Amino acid sequence: MKYVLVTGGVVSGLGKGVTASSIGVLLQACGFRVTSIKIDPYLNTDAGTMSPFEHGEVFVLDDGGEVDLDLGNYERFLDLKLTRDNNITTGKIYQSVIEKERRGDYLGKTVQVVPHITDAIQEWIECVAQIPVDGKEGPADVCVIELGGTIGDIESMPFIEALGQFSYRVGPGNFCLVHVSLVPVLNVVGEQKTKPTQHSVRQLRGLGLTPNLLACRSSKELDDNVKEKLSQFCHVPSSSILTLYDVPNIWHIPLLLRDQKAHEAILKTLNLRGVATEPNFKEWIATTKVYDKFHEMVRIAMVGKYTNLSDAYLSVLKALLHASTACNHKLVVDLVPAEHLEDDTSKEDPDAYKAAWGLLKGANGILVPGGFGDRGVEGKILAAKYARENNIPYLGICLGMQIAVIEFSRSVLGLHDANSTEFDPKTENPCVIFMPEGSKTHMGGTMRLGSRRTYFHVADCKSAKLYGNASFVDERHRHRYEVNPDMISQLESAGLSFVGKDETGKRMEIVECPSHPFFIGAQFHPEFKSRPGKPSPLFLGLISAACERTIVPASNGYSKLTNGIHSPLLKAAAAHNGNNGFKSSNSSLNGVYTSTTTNGVC
Ligand code: GLN
């Protein structure tokens, strides 16, 4: 097994995750099988308890692992199926060491960070790297490890120490360190400053790790003399100093690496010869070219809870992008804050109310994503009602499906207080109820998580057709509440159709409204398995139904997004939010959020 470690220096948010995934793509293009590990030095055992509005979305794996969103990047970029163990956290490592200590495995020894924690980290890496994650048998050739955080963080010290020991253990020719750093450009003179990178490399070396390649984020290509200077001070050959300058979308990064011959430097360090002499990027480039040619737009209103953090709905945005690419349309996503659709906002902030409804009414399709907690629920219900009554294509994911059922119960069955017991535990008409797989009394560990099977009960329904007339489908879940099985016959006789159920027939997985052009809710999260070139069927259904609707431009005067580039106003706001051009961004404009997801089909 060969290892590529990606570390980051100077500041956070440099795009280490995208760089690491792109290195994986480059190695795959050279004919190697790749796996990946993400190290998060925080104390949480997993991302499941972390707010998506602080930390970005919680990505869910087939095995039910709730992991950092970077694992989503790896799965999408490299078309892998990772396991929960591919995400290492300080919490997991300490937990395993403390469990061993309690079992008496250390036999009277003093248990310490060095060597016990550092040994546990190395064992974990070595063991997980062997798990095949690309559908083929046997371990991959190369394991790309991304160390979260920035060199010098107190939290990451045990990991740095462990990785230093690990590089020595696996030996030269088996370990390659790529350090991602920042080369700021001083605006007045346009000078590229190397000092922050010099300091960060010095720090890295002081901790026992020597970089083989430097990947420098900068607004433009590094001048040759700047590379020479970095080479001299950081002891990295200038041919191994790469510039990751700003590009319109993250899809360009693997090509940027290839153009700078990163693969040659990496393969040389790893004593590997490319199976293919030149990386094969034919498909990759073809898709980029096709994408650049789209002129027509499809406009989706995503009704959710928004803050300044862009990544809370990352996989949903990517899945929309995969589907719109397959439909030959440029994607425009209008982020509609659910609360702004509510009647209270019309009094408190009439402009925000008007703007939110303007975006909703200007969309070709409406999507209500997953969510927890009652903020914005009434606004989401209004959005589902608008979509149902006006024949607007609607896709409800998890909470979005529950919302569709609540709305239908209220408007069509006339049960005005119908609700989920998550939001109104005392409602007389609980159309969505707590249906844990485990304990009924304890919230902890009761989430229905990971891959579960859905059987199609109605053969000629839209979703079965979208899934290629399959009789069942495996998708990923993350929820506690579900449609109340006692209300199914009532809901079905009024016009809903529960076309997908679990193996017991008690858990409703997919609902459709057959009289509507496209009104589908899924209890699972189809976004987690969407891939570029292999869009999720339900997203494809939404986008193709939306493409058939005539484009109605947003009437509120807020910016429109074209060609995947932010309008100047959004661009400024994105810059203000610290967006670095690598990740999708959103921004707040007078309380209206608009987003583009077109900065990378992956
Ligand atoms: N809050 C809802 C539940 O727990 C929906 C969860 C979700 O959308 N992921 O069932």
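Predicted model: local features only at pLDDT ≥ 70, side-chain atom pairs only at ≥ 80, totals over all residues.
## Ligand site

A polar backbone atom of Leu399 is 3.0 Å from an oxygen atom of the ligand. Glu422 takes part through its side chain, with a polar atom 2.8 Å from a nitrogen atom of the ligand.

## Three-stranded sheet

An open sheet of three strands runs in the order β16-β17-β20, and its pairing is mixed. The edges are held by β16 (419–420) and β20 (481–483); each has a single partner strand, so one side of each has no neighbour in the sheet.

Two bridges connect β16 with β17 (residues 430–434), and this pair is parallel. Ser420 has Val432 of β17 as its bridge partner. Helix α16 (residues 399–411) lies across β16, β17 and β20, at about 150° to β17.

## Seven-stranded sheet

A second open sheet has seven strands, with parallel pairing in the order β5-β2-β6-β1-β7-β10-β11. At its edges are β5 (87–89) and β11 (241–245), each of which pairs on one side only. From one strand to the next, the twist averages 20°.

Strand β10 (residues 213–218) runs parallel to β11 and is joined to β11 by five bridges. Cys216 has its bridge partner in β11, namely Thr243.

## Packing of α1 and α10

Helix α1 (residues 16–29) and helix α10 (residues 262–269) have axes that come within 10 Å and cross at roughly 80°. The two helices are therefore roughly perpendicular. From α1, the contact is made by Ile23, Leu26 and Leu27; from α10, by Ala262, His263, Ile266 and Leu267. Sorted by class, the residues in this contact are six nonpolar and one polar, with no charged residues.

Terms used
Residues numbered from 1 in each chain as written. Heavy atoms only, no water. Axes fitted to C-alpha atoms, helices over the stretch in contact; angles between N-to-C directions. Helix = DSSP H or I, 4+ residues; strand = E, 2+ residues; numbered from the N terminus. Parallel < 35°, antiparallel > 145°, perpendicular 65-115°, else oblique. Contact = heavy atoms within 4.5 Å. Nonpolar A, V, L, I, M, F, W, Y, C, P; charged D, E, K, R; others polar. Pairing = 2+ DSSP bridges. Polar contact = N/O pair within 3.5 Å; in protein donor to acceptor, adjacent residues only side chain to side chain.
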